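Could you walk me through this protein in my viewer, one selection at a time? I am new to structures, so please tell me what to click and what I will find there.

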Amino acid sequence: MKPVSRRTWLKRSGAAAAVSLSAPYVSRLAHAVPGTNKGDNLFSLGVASGDPLSDSVVLWTRLAPKPLEPGGGMPLKPVDVAWEIFEDEKMTRIVRQGTAPAHPDWSHSVHVDVRGLNSARWYWYRFRLGDQTSEIGRTRTAPAPGAAVEKLRFASACCQKYEDGHYTAYKHMRDEDLDFVLFLGDYIYEKEARLGKPRAHDLPLAETLEHYRARYGLYKSDENLKAVHAAFPWIVTWDDHEFANDYADDVDTPNGERSPEFLARRANAYRAYYEHMPLRAAQKPKGPHLKLYRRFRFGDLAAVHVLDTRQYRTPQPCGNKTRPVCAETDDPERTILGREQKAWLLDGLANTPSRWTVIAQQVPMMQRNNPKGGVARYNMDKWDGYRADRNDLLRFIGERNIADVIALSGDVHTNFAGDLKYDFDDPSSKTVGSEFIGTSIASRGDGHDLSKKGRKFLEDNGHLKFYNRQRGYLLNTVTPDSWRADFRVMEYISRPGAPVRTRASFMVEAGRPGLKKLTG
């Protein structure tokens, strides 16, 4: 099949929406939903797809004509939603179709795990209820495990605080030629908004299930975000703000709270997260527990190990925040991964053959010294606070000769590029991989380029090669010979319309650990 350009698809998708669904499926559906008003857009939050396998992909939507209201403006009864997936952009050759339940207990969200698809190809899909049809989504399956793959291109992103700025980065990401999007956490921010921000909302601190649902309704109403969800499949993981800032397992670290009320709030957050992400039934939460770590293979080129560094960690050591090291940081009983996830990761690293090994996770893995008064200090919420776990992982990679390891991280609203080493304080120490830390989509204002603080950061951390605090995303281009990372940034997010540019580019050559700076 001749590849379809992104721009061509955007132009034609609107016309394709008018094509009728197959009659047998339409005839089973009511032509209106009792309890909603005429003219309500049942698909106001758009469509999405995710977790691409070689023969399957998850399709998602949520019925929510009034997404900021309790129940999303839907009646308290289940309805069946029709779905179709096509192999051509004109949506004439259907390959799968059916109906899926949208239940009020799950906020009328729809998750369809479409099986039996061909590998490494684009598909188009849509939903319908009554006389309403969703917008058209486009998705792509992964190459078959072991298949020869010449190129993989994807964007990684994180941290999108709605009120802090416009999602202009997504407007530009939509026009990239991508196979998928990797989101590394902080899809929402749970706190109440402050005055004087570029965008306003009046939602309270998210604690109840309806609070979290409304927050996702707000965020997913952004047109640029909806467009990228409709354009590419997503692979997602969370960080802390999907629930509560800096939480660690069942402990709210700022308050030291471990209580039934706290776990009830976590159950609310996890449930709303599942309701709004294109995840499989295997990720459906059970109370305050949701297993999010999982693995994806893209032919023989890349294996992506997606981690959860929040749900299983022990509380941050040394009092949290940026501190000098204490005995707790090297305590082998303290963990950022939890024993089960750590064993799963090490087994996967050793037994999932691919050219590139990708560790996709939330918080910076490499050491980041931020000294004060001549005393070394580290952020205890990151891997720096769990040095025993980090040492075990990096030693395992080195001793097993696991080549071409790339860590992709977020959380800190800053662009970093650096190398992963046995001993970060010794420039001659063995390099076992590289890490790219991406900035935010929107947070903390417009940001800035290399500052005095940034230069000092680079001086105090010899393994770091780049520092930048502008907003944007990371563009990754992977071939059997190299990994190229382009830091795509914008001058401002405080108002819409900023252009995008590549601030710096780095390359890692296959079989030769360590970053090479190309531009910037």
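Here is a tour that starts with the whole chain and then visits some residues one by one.

**Stop 1: the whole chain**

Before you click anything, keep in mind that this is a predicted model. Show the protein chain as a cartoon, and you can look for 9 helices and 24 strands. Along its principal axes, the C-alpha atoms fill a box of roughly 70 × 50 × 45 Å.

How does the radius of gyration of the protein chain agree with that of a compact globule? For 520 residues, a compact globule would come out near 24 Å, and the protein chain has 22 Å, so the two agree.

Of the 520 residues, 61% are buried. Take the contacts between residues at least 6 apart in sequence: 70% of these join residues at least 24 apart.

If you like, colour the chain by charge.

**Stop 2: Ala100, in a strand**

Select Ala100, which sits in strand E4, residues 94-102. Ala100 is buried, because its relative accessible area is 6%, and under 20% counts as buried.

Which residues is Ala100 in contact with, leaving aside its neighbours within four places in sequence? Show Val79, Asp80, Val81, Trp83, Val110 and Val112, and you have them on screen.

Val432 is 332 residues from Ala100 along the chain, and their C-alpha atoms are separated by 46 Å.

**Stop 3: Ser134, in a loop**

Next, select Ser134. You will find it in the loop between strand E7 (132-133) and strand E8 (137-140). Is Ser134 buried or exposed? Its relative accessibility is 2%, so Ser134 counts as buried.

To see what surrounds Ser134, show Phe43, Val47, Arg126 and Phe127.

**Stop 4**

Select Cys158 and Cys159 and display their side chains.

Cys158 is buried, with a relative accessible area of 1%, and Cys159 counts as buried at 0%.

**Stop 5: the disulfide**

A disulfide is a covalent bond between the sulfur atoms of two cysteines. How many does this structure hold? There is 1 disulfide, and you can find it by selecting Cys318 and Cys326, whose sulfur atoms are 1.9 Å apart.

Turn the view so that you look along the S-S bond of Cys318 and Cys326. The torsion about this bond is about -90 degrees, so the disulfide is left-handed.

Now compare the two partners. At 18% relative accessibility, Cys318 counts as buried, whereas Cys326, at 27%, is partly exposed.

**Stop 6: Asn320 and Lys321**

Select Asn320, in the loop between strand E13 (302-306) and strand E14 (322-323). Lys321 lies in the loop between E13 and E14 too.

Check the backbone angles here. Asn320 has a positive phi of about 65 degrees although it is not a glycine. Lys321, also not a glycine, has a positive phi of about 60 degrees.

What about their accessibility? Asn320 is buried, at 8%, while Lys321 is partly exposed, at 45%.

**Stop 7: Gln283, the last stop**

Finish by selecting Gln283, in the loop between helix H6 (260-276) and strand E12 (294-298). Gln283 counts as buried, because its relative accessibility is 8%.

Which residues does Gln283 touch, not counting those up to four places away in sequence? Show Asp51, Tyr274, Leu290, Lys291, Leu292 and Arg294 around Gln283 to see them.

Methods. Residues are numbered from 1 along each chain as its sequence is written. This is a predicted model: local features need pLDDT of at least 70, side-chain atom pairs count only at pLDDT 80 or more; totals for chains, interfaces and linings use all residues. Side-chain values use heavy atoms; hydrogens and water are left out. Helices (H or I, at least four residues) and strands (E, at least two) are DSSP runs, numbered from the N terminus. Buried means under 20% relative accessible area, exposed over 50%, partly exposed in between (1.4 Å probe, protein chains only). Contact means heavy atoms within 4.5 Å. A disulfide is a pair of cysteine sulfur atoms within 2.5 Å. The radius of gyration is taken over C-alpha atoms; the globule rule is 2.2 Å times the number of residues to the power 0.38.
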